[in-house]
Amino acid sequence: MDYLCSECSVQLSKFEIQLNELYPVGKLYCEFCQSKHERKIIKQIVDNEKDMHNDYTRDLIGDKK
Ligand SMILES: [Zn+2]
């Protein structure tokens, strides 16, 4: 059975299949898409924390009269 990347449908190498078995993310990704997704997830986490920080700062400088 062939394993295809669920993003770009490229055929996965044996090494990439092993990677997916070691770090299961629910979908099969080739090395390229895997790292692309990791960056996206990291960016999402960073953005979320930025939002939380903005809310916190807004509370601090909010009008308290
Ligand atoms: Zn891919």
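Okay, let's start with Ser 9, which is exposed, with 8 other C-beta atoms within 10 Å. Just so we're clear, this is a predicted model we're looking at. Where does Ser 9 sit? In the segment before α1. And there's something to spot in its backbone: the phi of Ser 9 is positive, about 60 degrees, even though Ser 9 isn't a glycine.

Let me step back to the whole protein for a moment. It has two helices and zero strands. How much of it is buried? Of the 65 residues, buried ones make up 6%.

Now, back to that opening stretch. Ser 6 is also placed in the segment before α1, and α1 itself covers 14-22. Who does Ser 6 touch? If you ignore its neighbours within four places in sequence, Ser 6 is in contact with Lys 27, Leu 28 and Tyr 29. Take Lys 27: it's 21 residues away from Ser 6 along the chain, yet their C-alpha atoms are separated by 6.5 Å.

Next up, helix α1, where we find Lys 14. Lys 14 counts as exposed, with 8 C-beta neighbours inside 10 Å. Have a look at Lys 14 and Tyr 3 too: they're 11 residues apart in sequence, and from C-alpha to C-alpha they're 9.2 Å apart in space.

Last stop, helix α2, which takes in residues 31-60 and includes Cys 33. Cys 33 has 17 C-beta neighbours inside 10 Å, so it counts as partly exposed; to be called buried, a residue needs 20 or more. Which residues is Cys 33 in contact with, once we leave aside its neighbours within four places in sequence? They are Cys 5, Glu 7 and Cys 8. For Cys 33 and Cys 8, the gap along the chain is 25 residues, and the C-alpha atoms are separated by 7.7 Å.

Notes
Residues are numbered from 1 along each chain as its sequence is written. This is a predicted model: local features need pLDDT of at least 70, side-chain atom pairs count only at pLDDT 80 or more; totals for chains, interfaces and linings use all residues. Helices (H or I, at least four residues) and strands (E, at least two) are DSSP runs, numbered from the N terminus. Two residues are in contact if their C-beta atoms, placed from the backbone, lie within 7 Å. A residue is buried if 20 or more other C-beta atoms lie within 10 Å of its own, exposed if 12 or fewer, and partly exposed in between; C-beta atoms are placed from the backbone.
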